[in-house]
Amino acid sequence: MPFRLLPHRIGLFSSISAMSSSRRASRLIRASRPELNPAETVREVKCEPGVSFDYSKSEMNSVRRKRLNRVLEVKEDLPKKQVGIVPDIEDFRYVKTGAKTSVTAKRVPASLNKNSSPVRLEKKIRVSSVVKVEVAAPENWEAVLAGIKNIRLSGQAPVDTKGCEKAGSLLPPKERRFAVLISTMMSSQTKDEVTHAAVERLGENGLLDPDAIVRTDEATLANLIKPVGFYQRKAQFIKEASRICLERFGGDIPDTLTDLLALKGVGPKMAHLVMSIAWKNTQGICVDTHVHRISNRLGWVFREGTKQKTTTPEQTRMSLEKWLPKDEWEPINPLLVGFGQTICTPLRPKCGSCGINTICPSAFKEASSPNPKQKKRGLGPT
């Protein structure tokens, strides 16, 4: 009996055949997509009869753009970009053009890409330049300084005979340097006469030596330097500095500002003074209360960027060093200290007997303070 397909069976086989053909065509389409090497030509897709393909314009444009971008990247053959890595400073050439500064990258060497022309990469950045501000020297400062030097020729100020530079003057160099350090550490907020007497008492007891000070208890050391200001704390600082001099410097004192400032109880004023006196190496101006006060009275110093007086000795030092010639840095301290001890005193300056009262901007401007007894009785000036 011949085999016959019923009509509904024929429709079922036709649907199965169409679905199988559609799956094969879909696999061929995916194989032809641009995930392949863009440099290769897209293979032609053979479609079975009866199967049609509909590419929308947006999909075709996307495919072409991806393929074109990929081909351009391959042809340029540039090194791969590494994310998060900043180029070396040597990769840039600095070109200064007036107020703006541009930075342009070097050309990519031709050896990196033989088949393409060099590509020039440019990057513009703003570089801030440090502007050095020159500070003009005060008017008539040379005449004022010469006048003060003339006043100081008498040599009657306490600093001339009992200053820190006189400490241990008869000792060998190494011992003298240590005496200068100890004298300087005691001089803060203390008169030269008191400091000098304390140094002499230490010398009489054989304590101008770091090893001897380390072996002496703090109480004994404090009693010997009394009545130096804050003598108990200074005794502690002197003993610790002596230990450091023994352990790190072979019994000598530090020869750099950094090491001197690392000692407790030693500030910028003391460090610069020790460097100048002990090591004959002046790296800055020693500014104490006298130098600070007189420099402001003479109108020599100002706070940075203003015309206002300085408020700290360190501000005064920085302002002075901007214009005062370096050969005046060492002698300016004893010069102004002695001037402040005898003529330009903190209270009731003796402007009438001062030889520079005609050129000093502060002459006769600071009224004499009333007698404390008169102040209590209400007899002061009204």
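Reply: A salt bridge here is a side-chain nitrogen of Lys or Arg within 4 Å of a carboxyl oxygen of Asp or Glu. In this predicted model, Glu314, Arg317 and Glu321 are joined in a network of such salt bridges. By this rule, the count is 10 salt bridges.

One of them pairs Asp252 with Arg177, with 2.8 Å between the closest N and O atoms. Distant parts of the chain are linked by this pair, since Asp252 is in the loop between helix 9 (231-249) and helix 10 (257-261), while Arg177 is in helix 5 (residues 173-186), 75 residues apart. Asp252 and Arg177 are both buried.

A salt bridge also forms between Arg248 and Asp259, whose closest N and O atoms are 3.8 Å apart. Arg248 belongs to helix 9 and Asp259 to helix 10, so this pair ties together parts that are 11 residues apart in sequence. Arg248 is exposed, at a relative accessible area of 55%, whereas Asp259 is partly exposed, at 21%.

Glu366 and Arg297 form a further salt bridge, the closest N and O atoms lying 2.9 Å apart. This pair, too, links distant parts of the chain: Glu366 is in the loop between helix 14 (329-342) and helix 15 (372-377), and Arg297 is in helix 12 (residues 289-297), 69 residues apart. Glu366 is partly exposed, with a relative accessible area of 34%. Arg297 has a relative accessible area of 7% and is therefore buried, the cut-off being under 20%.

Methods. Residues numbered from 1 in each chain as written. Predicted model: local features only at pLDDT ≥ 70, side-chain atom pairs only at ≥ 80, totals over all residues. Heavy atoms only, no water. Helix = DSSP H or I, 4+ residues; strand = E, 2+ residues; numbered from the N terminus. Buried < 20%, exposed > 50% of the residue type's maximum accessible area, 1.4 Å probe, protein only.
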